[in-house]
Amino acid sequence: MLDGFDARVDPSRVSAAFQAELSRLVRERGVPLAADGGGADIALDGLAGLPPLPATTHPVRLGEALARAVHAGLAGRGEAR
């Protein structure tokens, strides 16, 4: 569930763009933290310290940026906390 957006942002469009982009990234690049047998705890730790989202109200750009940030975390490119 995506919540807390500016009133000008349609959360259903953000969600659709997020799902489409994350599906594409997982299909094309996989999920390295899941593939190495580290389990869910490591994958969740990898989601810490993700890059900030762009300052935009465009729902597709926001959804895609959110998906890329989550995939980066799942790929181990988040900051260690």
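Visitor: Which residues make up the largest nonpolar core?
Guide: Six residues: Phe 18, Leu 22, Leu 66, Ala 67, Val 70 and Leu 74. A nonpolar core here is a set of buried Ala, Val, Leu, Ile, Met, Phe, Trp, Tyr and Cys residues joined through side-chain atoms within 4.5 Å. Helix H1 (11-29) and H4 each supply at least two residues of this core. H4 gives the most, with four.

Visitor: Before we go on, what sort of model is it?
Guide: It is a predicted model, where local features need pLDDT of at least 70 and side-chain atom pairs count only at pLDDT 80 or more, while totals for chains, interfaces and linings use all residues. Residues are numbered from 1 along each chain as its sequence is written, and side-chain values use heavy atoms, with hydrogens and water left out.

Visitor: How many helices and strands in the protein chain?
Guide: Four helices and zero strands. The pattern along the sequence is α-α-α-α. Helices (H or I, at least four residues) and strands (E, at least two) are DSSP runs, numbered from the N terminus.

Visitor: And how much of the chain is buried?
Guide: 31% of its 81 residues. Buried means under 20% relative accessible area, exposed over 50%, and partly exposed in between (1.4 Å probe, protein chains only).

Visitor: Which residues of H1 are buried?
Guide: Val 14, Ala 17, Phe 18, Glu 21, Leu 22 and Leu 25. Seen down the axis of H1, they fall within an arc of 125°, so they line one face of the helix. The arc is that of the directions from the helix axis to the C-beta atoms. What covers these residues includes H4.

Visitor: What does Leu 22 touch?
Guide: Leu 22 touches Ala 67, Val 70 and His 71, not counting residues up to four places away in sequence.

Visitor: Is that His 71 buried or exposed?
Guide: Buried, because its relative accessibility is 2%. His 71 sits in helix H4 (residues 59-74).

Visitor: What lies 2.8 Å from a polar atom of its side chain?
Guide: The backbone oxygen of Gly 30 lies 2.8 Å from a polar atom of the His 71 side chain. A polar contact is a pair of N or O atoms within 3.5 Å; within protein, one must be able to donate a hydrogen and the other to accept it, and residues adjacent in sequence count only if both atoms are side-chain atoms. Gly 30 follows H1, and its phi is positive, near 75°.

Visitor: What about the other end, where does Pro 11 lie?
Guide: In helix H1. Pro 11 is partly exposed, at 38% relative accessible area. Its C-alpha is separated by 9.9 Å from that of Leu 62, 51 residues apart along the chain.

Visitor: New topic. How many salt bridges does the structure hold?
Guide: Four. A salt bridge is a side-chain nitrogen of Lys or Arg within 4 Å of a carboxyl oxygen of Asp or Glu.

Visitor: Which residue does Arg 24 form one with?
Guide: Glu 21, with the closest N and O atoms 2.8 Å apart. Both lie in H1, three residues apart, about one turn of the helix. Glu 21 counts as buried because its relative accessibility is 6%. Arg 24 is partly exposed, at 24%.

Visitor: Where do Arg 68 and Glu 21 meet?
Guide: In a salt bridge between their side chains (3.0 Å, N to O). This pair links distant parts of the chain: Arg 68 in H4 and Glu 21 in H1, 47 residues apart. Arg 68 is partly exposed, at 42% relative accessibility.

Visitor: And what does Glu 64 form with Arg 68?
Guide: A salt bridge, with the closest N and O atoms 3.9 Å apart. The two are four residues apart in H4, so about one helical turn separates them. Salt bridges that share partners join Glu 21, Arg 24, Glu 28, Glu 64 and Arg 68 into one network.

Technical notes: Contact means heavy atoms within 4.5 Å.
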